[in-house]
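Subject: Structure for you to look at

Hello,

I am passing on a structure that you have not seen before. Please open it alongside this message.

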Amino acid sequence: MSSVLLPDGVLRTTINFQYRRWQREVLPLMTHWVAMNVHRGGGKTVFCTMRLIQAALTTKTKNGIPAKFSYVGMSISHARQTIWNELKHYLAPLGDKVQFNSNDNTVTFENGNIILLSGYEDPERNRGLHLHGLVLDEAQGCPQKVWDEILMATLAQNEAWLIVIGTPRGTGNLFHKFCLQGDDPNDDTITTITRTVADTGEMSPTMWKRILANGDRDAIRQEYFCDFMARVKNRVYSNFDTRTSFPAGDDTKPHIDPSIRFDKDRPVWVGMDFNVGTLPAVCAQMQDDGTIHIFNELTLHDTTTDRMAALLRAEFPNQNVIICPDASGTQRKTSALAGSDITILKRMGFEVRIPTMNPRTKHRVLACQVALESADGTRSVFIHPRCKRLIECLTLQQYNANGDPDKTKGFDHHADAFGYLICALRPIKYNRTRSREFIL
Ligand SMILES: Nc1ncnc2c1ncn2[C@@H]1O[C@H](COP(=O)(O)OP(=O)(O)OP(=O)(O)O)[C@@H](O)[C@H]1O
Ligand SMILES: [Mg+2]
(Lines give C-alpha, C1' and ligand atoms only; values in the text may rest on other atoms or scores of the structure.)
(Ligands and ions follow the chains in the order given, each with its own letter.)
Protein backbone atom coordinates (compact mmCIF):
# COMPACT_ATOMS: atom_id res chain seq x y z
CA MET A 1 0.00 0.00 0.00
CA SER A 2 1.40 3.37 -0.97
CA SER A 3 1.13 6.38 1.22
CA VAL A 4 -0.43 9.25 -0.66
CA LEU A 5 -0.66 12.85 0.38
CA LEU A 6 -3.69 14.19 -1.43
CA PRO A 7 -2.90 17.20 -3.63
CA ASP A 8 -4.74 19.80 -1.59
CA GLY A 9 -2.33 19.02 1.19
CA VAL A 10 -4.89 18.64 3.96
CA LEU A 11 -5.37 14.94 4.22
CA ARG A 12 -2.28 13.53 5.92
CA THR A 13 -3.39 9.98 6.23
CA THR A 14 -2.39 6.82 4.51
CA ILE A 15 -5.04 6.31 1.88
CA ASN A 16 -4.47 4.24 -1.21
CA PHE A 17 -5.89 6.72 -3.66
CA GLN A 18 -4.66 8.97 -6.40
CA TYR A 19 -6.77 11.53 -8.16
CA ARG A 20 -7.24 11.16 -11.88
CA ARG A 21 -5.84 14.03 -13.94
CA TRP A 22 -9.16 15.86 -14.38
CA GLN A 23 -10.02 15.30 -10.70
CA ARG A 24 -6.75 16.90 -9.65
CA GLU A 25 -7.30 19.79 -12.05
CA VAL A 26 -10.71 20.66 -10.63
CA LEU A 27 -9.56 20.67 -6.99
CA PRO A 28 -8.62 24.38 -7.08
CA LEU A 29 -11.95 25.19 -8.75
CA MET A 30 -14.04 23.79 -5.90
CA THR A 31 -16.04 26.59 -4.28
CA HIS A 32 -18.42 26.28 -1.33
CA TRP A 33 -21.28 25.13 -3.55
CA VAL A 34 -20.48 23.29 -6.78
CA ALA A 35 -22.50 21.57 -9.51
CA MET A 36 -20.44 18.94 -11.33
CA ASN A 37 -21.69 18.00 -14.79
CA VAL A 38 -19.32 15.19 -15.59
CA HIS A 39 -19.82 12.45 -18.16
CA ARG A 40 -20.90 8.91 -17.31
CA GLY A 41 -18.20 6.95 -15.59
CA GLY A 42 -15.90 9.98 -15.37
CA GLY A 43 -15.22 9.45 -11.68
CA LYS A 44 -17.39 12.14 -10.07
CA THR A 45 -18.86 9.90 -7.36
CA VAL A 46 -15.45 8.67 -6.27
CA PHE A 47 -14.17 12.24 -6.33
CA CYS A 48 -16.98 13.27 -3.97
CA THR A 49 -16.43 10.22 -1.78
CA MET A 50 -12.91 11.49 -1.22
CA ARG A 51 -14.27 14.94 -0.40
CA LEU A 52 -16.52 13.36 2.22
CA ILE A 53 -13.67 11.34 3.72
CA GLN A 54 -11.41 14.37 3.79
CA ALA A 55 -14.09 16.53 5.42
CA ALA A 56 -14.92 13.88 8.03
CA LEU A 57 -11.24 13.44 8.92
CA THR A 58 -10.39 17.10 9.17
CA THR A 59 -13.46 19.13 10.17
CA LYS A 60 -13.45 20.62 13.65
CA THR A 61 -16.67 22.38 14.61
CA LYS A 62 -16.70 25.63 16.59
CA ASN A 63 -18.82 24.17 19.38
CA GLY A 64 -17.00 20.85 19.49
CA ILE A 65 -20.09 18.85 18.51
CA PRO A 66 -19.06 16.35 15.82
CA ALA A 67 -19.90 17.28 12.24
CA LYS A 68 -22.30 15.38 10.00
CA PHE A 69 -21.88 14.91 6.28
CA SER A 70 -24.48 13.36 4.04
CA TYR A 71 -24.26 11.44 0.80
CA VAL A 72 -27.68 11.42 -0.86
CA GLY A 73 -28.06 9.04 -3.78
CA MET A 74 -31.23 7.96 -5.55
CA SER A 75 -32.28 5.53 -2.82
CA ILE A 76 -30.60 4.07 0.21
CA SER A 77 -29.80 0.91 -1.71
CA HIS A 78 -28.30 3.00 -4.55
CA ALA A 79 -26.23 4.89 -1.99
CA ARG A 80 -25.05 1.62 -0.44
CA GLN A 81 -24.23 0.09 -3.81
CA THR A 82 -22.43 3.22 -4.94
CA ILE A 83 -20.15 4.27 -2.11
CA TRP A 84 -20.34 1.84 0.86
CA ASN A 85 -17.67 -0.52 -0.44
CA GLU A 86 -15.57 2.41 -1.68
CA LEU A 87 -15.66 3.97 1.80
CA LYS A 88 -14.66 0.63 3.34
CA HIS A 89 -11.89 0.15 0.83
CA TYR A 90 -10.35 3.59 1.15
CA LEU A 91 -10.74 3.76 4.93
CA ALA A 92 -9.40 0.25 5.59
CA PRO A 93 -5.93 1.56 6.54
CA LEU A 94 -7.52 3.44 9.45
CA GLY A 95 -8.68 0.14 11.01
CA ASP A 96 -10.99 0.51 14.00
CA LYS A 97 -10.56 4.27 14.03
CA VAL A 98 -13.56 4.21 11.69
CA GLN A 99 -16.80 2.39 12.57
CA PHE A 100 -19.17 1.19 9.85
CA ASN A 101 -22.75 0.70 10.97
CA SER A 102 -24.65 -1.09 8.24
CA ASN A 103 -27.94 -0.96 10.17
CA ASP A 104 -28.23 2.80 10.02
CA ASN A 105 -25.80 3.28 7.10
CA THR A 106 -23.38 5.56 8.87
CA VAL A 107 -19.63 5.78 9.06
CA THR A 108 -18.30 7.25 12.31
CA PHE A 109 -14.75 8.54 12.58
CA GLU A 110 -12.47 8.64 15.62
CA ASN A 111 -13.11 12.37 16.03
CA GLY A 112 -16.88 11.69 16.19
CA ASN A 113 -17.64 13.08 12.72
CA ILE A 114 -20.17 11.05 10.75
CA ILE A 115 -20.93 10.32 7.10
CA LEU A 116 -24.57 9.33 6.59
CA LEU A 117 -25.92 7.57 3.52
CA SER A 118 -29.46 8.13 2.25
CA GLY A 119 -31.54 8.46 -0.91
CA TYR A 120 -33.76 11.21 -2.23
CA GLU A 121 -36.51 8.71 -2.87
CA ASP A 122 -36.76 8.40 0.90
CA PRO A 123 -35.53 11.83 1.95
CA GLU A 124 -37.01 11.89 5.46
CA ARG A 125 -33.75 10.61 6.91
CA ASN A 126 -32.27 14.04 6.20
CA ARG A 127 -35.10 16.10 7.67
CA GLY A 128 -34.00 18.15 10.64
CA LEU A 129 -30.29 17.38 10.23
CA HIS A 130 -27.80 20.22 10.48
CA LEU A 131 -25.07 19.15 8.14
CA HIS A 132 -21.59 20.50 7.48
CA GLY A 133 -21.44 19.11 3.96
CA LEU A 134 -23.73 17.40 1.47
CA VAL A 135 -23.13 15.42 -1.70
CA LEU A 136 -26.24 15.02 -3.84
CA ASP A 137 -25.61 12.37 -6.49
CA GLU A 138 -27.61 11.64 -9.67
CA ALA A 139 -29.22 15.01 -9.01
CA GLN A 140 -31.02 14.99 -12.36
CA GLY A 141 -33.59 12.67 -10.76
CA CYS A 142 -33.99 14.49 -7.44
CA PRO A 143 -37.47 16.02 -7.05
CA GLN A 144 -37.36 19.80 -6.66
CA LYS A 145 -39.59 19.42 -3.61
CA VAL A 146 -37.01 17.26 -1.80
CA TRP A 147 -34.40 19.97 -2.30
CA ASP A 148 -36.74 22.85 -1.41
CA GLU A 149 -38.35 21.28 1.62
CA ILE A 150 -35.68 19.03 3.11
CA LEU A 151 -32.13 19.16 1.74
CA MET A 152 -31.71 22.93 1.47
CA ALA A 153 -32.73 23.36 5.10
CA THR A 154 -30.02 20.95 6.27
CA LEU A 155 -27.33 23.31 4.96
CA ALA A 156 -28.43 26.56 6.61
CA GLN A 157 -27.38 26.19 10.24
CA ASN A 158 -23.70 25.43 9.62
CA GLU A 159 -23.32 27.08 6.23
CA ALA A 160 -22.54 23.66 4.85
CA TRP A 161 -20.72 23.02 1.61
CA LEU A 162 -22.59 21.35 -1.22
CA ILE A 163 -21.60 19.28 -4.24
CA VAL A 164 -24.38 18.41 -6.68
CA ILE A 165 -23.35 15.77 -9.20
CA GLY A 166 -25.13 14.21 -12.11
CA THR A 167 -25.40 13.71 -15.83
CA PRO A 168 -27.88 15.71 -17.92
CA ARG A 169 -31.42 14.43 -18.33
CA GLY A 170 -33.22 17.10 -20.29
CA THR A 171 -33.97 20.51 -18.91
CA GLY A 172 -35.91 22.14 -16.12
CA ASN A 173 -34.90 19.60 -13.46
CA LEU A 174 -32.98 20.46 -10.29
CA PHE A 175 -29.60 19.50 -11.75
CA HIS A 176 -30.14 21.59 -14.87
CA LYS A 177 -31.15 24.58 -12.76
CA PHE A 178 -28.04 24.31 -10.57
CA CYS A 179 -25.82 24.03 -13.64
CA LEU A 180 -27.43 27.05 -15.31
CA GLN A 181 -27.04 29.03 -12.12
CA GLY A 182 -23.41 28.05 -11.80
CA ASP A 183 -22.68 28.99 -15.42
CA ASP A 184 -23.90 32.51 -14.80
CA PRO A 185 -20.84 34.68 -14.06
CA ASN A 186 -23.02 37.13 -12.12
CA ASP A 187 -24.16 34.43 -9.71
CA ASP A 188 -21.61 33.65 -7.05
CA THR A 189 -23.67 31.18 -5.00
CA ILE A 190 -22.63 28.12 -6.99
CA THR A 191 -19.98 27.16 -9.55
CA THR A 192 -20.57 24.71 -12.38
CA ILE A 193 -17.78 22.39 -13.45
CA THR A 194 -18.42 20.60 -16.74
CA ARG A 195 -16.16 17.84 -17.99
CA THR A 196 -17.01 15.90 -21.14
CA VAL A 197 -15.38 12.67 -22.22
CA ALA A 198 -13.16 14.80 -24.44
CA ASP A 199 -12.01 16.78 -21.39
CA THR A 200 -11.26 13.88 -19.05
CA GLY A 201 -9.88 11.36 -21.52
CA GLU A 202 -11.33 8.67 -19.21
CA MET A 203 -12.43 6.26 -21.92
CA SER A 204 -10.43 3.52 -23.56
CA PRO A 205 -10.35 3.78 -27.37
CA THR A 206 -11.82 0.26 -27.67
CA MET A 207 -14.75 1.09 -25.42
CA TRP A 208 -15.33 4.41 -27.14
CA LYS A 209 -15.44 2.65 -30.51
CA ARG A 210 -18.06 0.26 -29.13
CA ILE A 211 -20.15 3.10 -27.73
CA LEU A 212 -20.04 5.04 -31.00
CA ALA A 213 -20.96 1.96 -33.00
CA ASN A 214 -23.89 0.92 -30.84
CA GLY A 215 -25.13 4.05 -29.07
CA ASP A 216 -27.85 6.49 -29.98
CA ARG A 217 -26.31 9.78 -31.15
CA ASP A 218 -28.40 11.98 -28.83
CA ALA A 219 -27.83 9.65 -25.89
CA ILE A 220 -24.06 9.85 -26.45
CA ARG A 221 -24.29 13.64 -26.63
CA GLN A 222 -26.19 13.66 -23.36
CA GLU A 223 -24.24 11.07 -21.39
CA TYR A 224 -20.71 11.70 -22.64
CA PHE A 225 -20.79 15.30 -23.86
CA CYS A 226 -22.87 16.49 -20.90
CA ASP A 227 -25.41 18.22 -23.16
CA PHE A 228 -28.73 19.04 -21.50
CA MET A 229 -30.43 19.72 -24.82
CA ALA A 230 -29.52 16.52 -26.64
CA ARG A 231 -32.72 14.63 -25.84
CA VAL A 232 -35.20 17.47 -25.52
CA LYS A 233 -37.58 17.12 -28.43
CA ASN A 234 -39.98 19.56 -29.99
CA ARG A 235 -38.11 22.72 -29.03
CA VAL A 236 -39.25 25.85 -30.83
CA TYR A 237 -35.72 27.28 -30.90
CA SER A 238 -33.93 24.01 -31.51
CA ASN A 239 -30.99 25.85 -33.12
CA PHE A 240 -30.18 27.53 -29.83
CA ASP A 241 -27.28 25.66 -28.30
CA THR A 242 -26.61 25.97 -24.56
CA ARG A 243 -23.30 24.16 -24.69
CA THR A 244 -20.37 26.24 -23.59
CA SER A 245 -17.66 23.69 -24.33
CA PHE A 246 -17.15 21.49 -27.36
CA PRO A 247 -15.13 18.40 -28.18
CA ALA A 248 -11.54 19.00 -29.23
CA GLY A 249 -11.34 19.96 -32.89
CA ASP A 250 -14.88 21.37 -32.99
CA ASP A 251 -14.50 25.15 -33.37
CA THR A 252 -18.21 26.00 -33.04
CA LYS A 253 -18.68 29.35 -31.33
CA PRO A 254 -20.99 28.98 -28.29
CA HIS A 255 -24.22 30.98 -28.38
CA ILE A 256 -23.75 31.83 -24.72
CA ASP A 257 -20.81 34.19 -24.60
CA PRO A 258 -19.65 35.82 -21.35
CA SER A 259 -17.16 38.00 -23.27
CA ILE A 260 -19.94 40.17 -24.78
CA ARG A 261 -19.53 43.81 -23.72
CA PHE A 262 -21.80 46.83 -23.99
CA ASP A 263 -20.31 49.42 -26.35
CA LYS A 264 -21.41 52.94 -25.39
CA ASP A 265 -20.71 54.20 -28.90
CA ARG A 266 -23.09 51.85 -30.68
CA PRO A 267 -26.88 52.15 -30.90
CA VAL A 268 -28.92 49.86 -28.67
CA TRP A 269 -31.59 47.71 -30.30
CA VAL A 270 -34.38 46.55 -28.02
CA GLY A 271 -36.87 43.76 -28.73
CA MET A 272 -40.03 44.29 -26.68
CA ASP A 273 -43.18 42.32 -26.05
CA PHE A 274 -46.12 44.10 -24.43
CA ASN A 275 -47.71 42.17 -21.59
CA VAL A 276 -49.06 43.48 -18.34
CA GLY A 277 -47.85 40.42 -16.41
CA THR A 278 -44.33 40.27 -17.86
CA LEU A 279 -42.85 43.01 -20.00
CA PRO A 280 -39.44 41.98 -21.35
CA ALA A 281 -36.90 44.15 -23.17
CA VAL A 282 -34.09 42.25 -24.89
CA CYS A 283 -31.13 44.59 -25.49
CA ALA A 284 -28.68 44.08 -28.34
CA GLN A 285 -25.97 45.74 -30.39
CA MET A 286 -25.01 45.04 -33.98
CA GLN A 287 -21.35 44.25 -34.55
CA ASP A 288 -19.21 45.22 -37.54
CA ASP A 289 -19.21 41.62 -38.77
CA GLY A 290 -23.03 41.61 -38.88
CA THR A 291 -23.50 39.49 -35.77
CA ILE A 292 -25.94 40.49 -33.05
CA HIS A 293 -24.74 40.64 -29.46
CA ILE A 294 -27.49 40.47 -26.87
CA PHE A 295 -25.84 42.01 -23.85
CA ASN A 296 -28.71 42.40 -21.40
CA GLU A 297 -32.39 41.85 -20.70
CA LEU A 298 -34.72 44.00 -18.62
CA THR A 299 -37.91 42.53 -17.21
CA LEU A 300 -40.76 44.23 -15.38
CA HIS A 301 -43.76 42.46 -13.90
CA ASP A 302 -47.30 43.78 -13.41
CA THR A 303 -46.26 46.97 -15.09
CA THR A 304 -46.98 49.54 -17.78
CA THR A 305 -45.08 50.65 -20.86
CA ASP A 306 -44.37 54.01 -19.17
CA ARG A 307 -42.37 52.23 -16.48
CA MET A 308 -40.38 50.22 -19.01
CA ALA A 309 -39.70 53.37 -21.04
CA ALA A 310 -38.43 55.12 -17.91
CA LEU A 311 -36.24 52.15 -17.03
CA LEU A 312 -34.73 52.04 -20.52
CA ARG A 313 -34.02 55.76 -20.43
CA ALA A 314 -32.32 55.40 -17.06
CA GLU A 315 -30.31 52.43 -18.34
CA PHE A 316 -29.23 54.16 -21.58
CA PRO A 317 -29.36 57.90 -20.88
CA ASN A 318 -27.15 58.93 -23.80
CA GLN A 319 -27.61 56.17 -26.33
CA ASN A 320 -29.53 56.06 -29.54
CA VAL A 321 -32.14 53.43 -28.61
CA ILE A 322 -34.18 51.75 -31.31
CA ILE A 323 -37.12 49.72 -30.09
CA CYS A 324 -38.52 46.84 -32.11
CA PRO A 325 -41.80 46.04 -30.43
CA ASP A 326 -44.76 43.81 -30.79
CA ALA A 327 -46.81 45.47 -33.55
CA SER A 328 -49.97 44.94 -31.56
CA GLY A 329 -48.60 47.69 -29.31
CA THR A 330 -50.39 50.18 -31.52
CA GLN A 331 -53.47 49.11 -29.63
CA ARG A 332 -53.91 49.72 -25.93
CA LYS A 333 -52.57 46.92 -23.79
CA THR A 334 -49.88 47.70 -21.23
CA SER A 335 -50.36 51.39 -21.91
CA ALA A 336 -52.85 51.81 -19.12
CA LEU A 337 -51.64 55.28 -18.21
CA ALA A 338 -51.56 57.26 -21.38
CA GLY A 339 -51.92 56.51 -25.08
CA SER A 340 -50.73 53.47 -26.98
CA ASP A 341 -47.47 51.69 -26.17
CA ILE A 342 -45.81 53.03 -29.32
CA THR A 343 -46.80 56.63 -28.59
CA ILE A 344 -45.39 56.33 -25.08
CA LEU A 345 -42.06 55.02 -26.38
CA LYS A 346 -41.78 57.75 -29.00
CA ARG A 347 -42.60 60.43 -26.44
CA MET A 348 -39.60 59.25 -24.39
CA GLY A 349 -37.38 59.94 -27.39
CA PHE A 350 -36.91 56.37 -28.59
CA GLU A 351 -36.90 55.45 -32.25
CA VAL A 352 -39.53 52.78 -32.84
CA ARG A 353 -39.22 50.33 -35.74
CA ILE A 354 -42.53 48.72 -36.24
CA PRO A 355 -43.96 46.72 -39.12
CA THR A 356 -47.53 47.43 -40.20
CA MET A 357 -48.38 44.06 -38.73
CA ASN A 358 -46.52 41.41 -36.76
CA PRO A 359 -44.81 38.74 -38.85
CA ARG A 360 -46.59 35.41 -38.74
CA THR A 361 -45.37 33.33 -35.82
CA LYS A 362 -43.80 30.69 -38.04
CA HIS A 363 -41.92 33.36 -40.01
CA ARG A 364 -40.68 34.97 -36.80
CA VAL A 365 -39.49 31.61 -35.47
CA LEU A 366 -37.81 30.82 -38.78
CA ALA A 367 -35.96 34.14 -38.72
CA CYS A 368 -34.74 33.35 -35.19
CA GLN A 369 -33.71 29.83 -36.10
CA VAL A 370 -31.73 31.02 -39.12
CA ALA A 371 -30.08 33.82 -37.14
CA LEU A 372 -29.15 31.36 -34.41
CA GLU A 373 -27.69 28.90 -36.89
CA SER A 374 -28.25 28.83 -40.62
CA ALA A 375 -28.14 25.66 -42.67
CA ASP A 376 -24.47 26.21 -43.47
CA GLY A 377 -23.68 26.35 -39.74
CA THR A 378 -23.25 30.14 -39.49
CA ARG A 379 -24.21 31.60 -36.13
CA SER A 380 -25.23 35.27 -36.08
CA VAL A 381 -26.60 35.78 -32.57
CA PHE A 382 -24.69 35.55 -29.32
CA ILE A 383 -26.11 36.05 -25.85
CA HIS A 384 -24.50 37.10 -22.60
CA PRO A 385 -25.23 34.59 -19.79
CA ARG A 386 -26.76 37.37 -17.67
CA CYS A 387 -29.81 37.17 -19.99
CA LYS A 388 -31.08 34.28 -17.89
CA ARG A 389 -34.74 34.52 -18.74
CA LEU A 390 -34.13 34.77 -22.49
CA ILE A 391 -31.81 31.76 -22.36
CA GLU A 392 -34.40 29.84 -20.38
CA CYS A 393 -37.17 30.68 -22.85
CA LEU A 394 -35.10 29.85 -25.94
CA THR A 395 -34.13 26.60 -24.26
CA LEU A 396 -37.45 25.47 -22.89
CA GLN A 397 -40.28 26.71 -25.11
CA GLN A 398 -41.78 23.73 -26.92
CA TYR A 399 -44.48 23.25 -29.54
CA ASN A 400 -47.91 22.28 -28.22
CA ALA A 401 -50.14 19.55 -29.61
CA ASN A 402 -51.49 21.94 -32.28
CA GLY A 403 -47.99 22.67 -33.53
CA ASP A 404 -47.93 26.21 -32.09
CA PRO A 405 -45.30 27.54 -29.67
CA ASP A 406 -46.64 26.82 -26.19
CA LYS A 407 -47.78 29.92 -24.33
CA THR A 408 -48.97 28.32 -21.13
CA LYS A 409 -45.68 27.81 -19.28
CA GLY A 410 -44.32 31.37 -19.30
CA PHE A 411 -41.51 30.65 -21.77
CA ASP A 412 -42.99 32.80 -24.52
CA HIS A 413 -42.52 36.47 -23.54
CA HIS A 414 -38.74 36.84 -23.79
CA ALA A 415 -38.63 34.56 -26.82
CA ASP A 416 -41.27 36.75 -28.52
CA ALA A 417 -39.31 39.92 -27.69
CA PHE A 418 -36.21 38.24 -29.15
CA GLY A 419 -38.24 37.37 -32.26
CA TYR A 420 -39.39 40.98 -32.85
CA LEU A 421 -35.76 42.11 -32.53
CA ILE A 422 -34.46 39.50 -34.96
CA CYS A 423 -37.23 40.23 -37.48
CA ALA A 424 -36.16 43.88 -37.46
CA LEU A 425 -32.44 43.16 -37.72
CA ARG A 426 -32.34 40.02 -39.87
CA PRO A 427 -35.73 39.54 -41.45
CA ILE A 428 -36.55 36.60 -43.67
CA LYS A 429 -37.63 38.23 -46.91
CA TYR A 430 -40.79 36.65 -48.18
CA ASN A 431 -41.38 36.90 -51.89
CA ARG A 432 -45.16 37.20 -52.20
CA THR A 433 -45.46 37.78 -55.92
CA ARG A 434 -43.49 34.99 -57.55
CA SER A 435 -43.63 31.92 -55.42
CA ARG A 436 -44.19 30.97 -51.81
CA GLU A 437 -40.49 30.77 -51.11
CA PHE A 438 -38.35 32.47 -48.55
CA ILE A 439 -35.32 34.39 -49.63
CA LEU A 440 -32.85 34.01 -46.80
N1 LIG B 1 -9.09 8.44 -8.88
C2 LIG B 1 -9.52 7.22 -9.15
N3 LIG B 1 -8.73 6.15 -8.97
C4 LIG B 1 -9.15 4.93 -9.27
N5 LIG B 1 -10.36 4.62 -9.74
C6 LIG B 1 -11.20 5.63 -9.93
C7 LIG B 1 -10.84 6.99 -9.64
N8 LIG B 1 -11.89 7.76 -9.95
C9 LIG B 1 -12.87 6.95 -10.40
N10 LIG B 1 -12.45 5.67 -10.39
C11 LIG B 1 -13.19 4.49 -10.83
O12 LIG B 1 -13.85 4.79 -12.07
C13 LIG B 1 -15.14 4.21 -12.09
C14 LIG B 1 -16.16 5.30 -12.31
O15 LIG B 1 -16.12 6.17 -11.19
P16 LIG B 1 -17.43 6.82 -10.60
O17 LIG B 1 -18.42 5.80 -10.23
O18 LIG B 1 -17.00 7.77 -9.56
O19 LIG B 1 -17.91 7.60 -11.91
P20 LIG B 1 -19.20 8.50 -12.10
O21 LIG B 1 -18.77 9.68 -12.88
O22 LIG B 1 -19.86 8.74 -10.81
O23 LIG B 1 -20.06 7.54 -13.01
P24 LIG B 1 -21.67 7.52 -13.23
O25 LIG B 1 -21.95 8.62 -14.18
O26 LIG B 1 -21.91 6.20 -13.84
O27 LIG B 1 -22.31 7.71 -11.90
C28 LIG B 1 -15.32 3.48 -10.77
O29 LIG B 1 -15.00 2.13 -10.96
C30 LIG B 1 -14.31 4.14 -9.87
O31 LIG B 1 -13.87 3.30 -8.84
MG1 LIG C 1 -21.71 8.20 -10.05
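Below are some notes on the ligand site and on one helix.

This is a predicted model, in which local features need pLDDT of at least 70 and side-chain atom pairs count only at pLDDT 80 or more, while totals for chains, interfaces and linings use all residues. Residues are numbered from 1 along each chain as its sequence is written, chains are lettered from A and ligands numbered from 1 in the order in which they are written, and side-chain values use heavy atoms, with hydrogens and water left out.

Around ligand 1 there are 14 residues, of which Gln18, Arg40, Lys44, Thr45 and Val46 come nearest (a residue is near if one of its heavy atoms lies within 4 Å). The shell consists of 3 nonpolar, 7 polar and 4 charged residues.

- Gln18: a backbone N or O atom lies 2.8 Å from a nitrogen atom of ligand 1.
- Gly42: a polar backbone atom is 3.1 Å from an oxygen atom of the ligand.
- Glu138: a side-chain N or O atom is 3.3 Å from an oxygen atom of the ligand.

Of the 630 Å² of accessible area that ligand 1 has on its own (Shrake-Rupley method, 1.4 Å probe), the protein covers 68%.

Helix 2, residues 44–58, gives the most to this shell, with 3 residues (helices are DSSP runs of H or I, at least four residues).

Regards

How values were computed. Polar contact = N/O pair within 3.5 Å; in protein donor to acceptor, adjacent residues only side chain to side chain. Helix = DSSP H or I, 4+ residues; strand = E, 2+ residues; numbered from the N terminus. Nonpolar A, V, L, I, M, F, W, Y, C, P; charged D, E, K, R; others polar.
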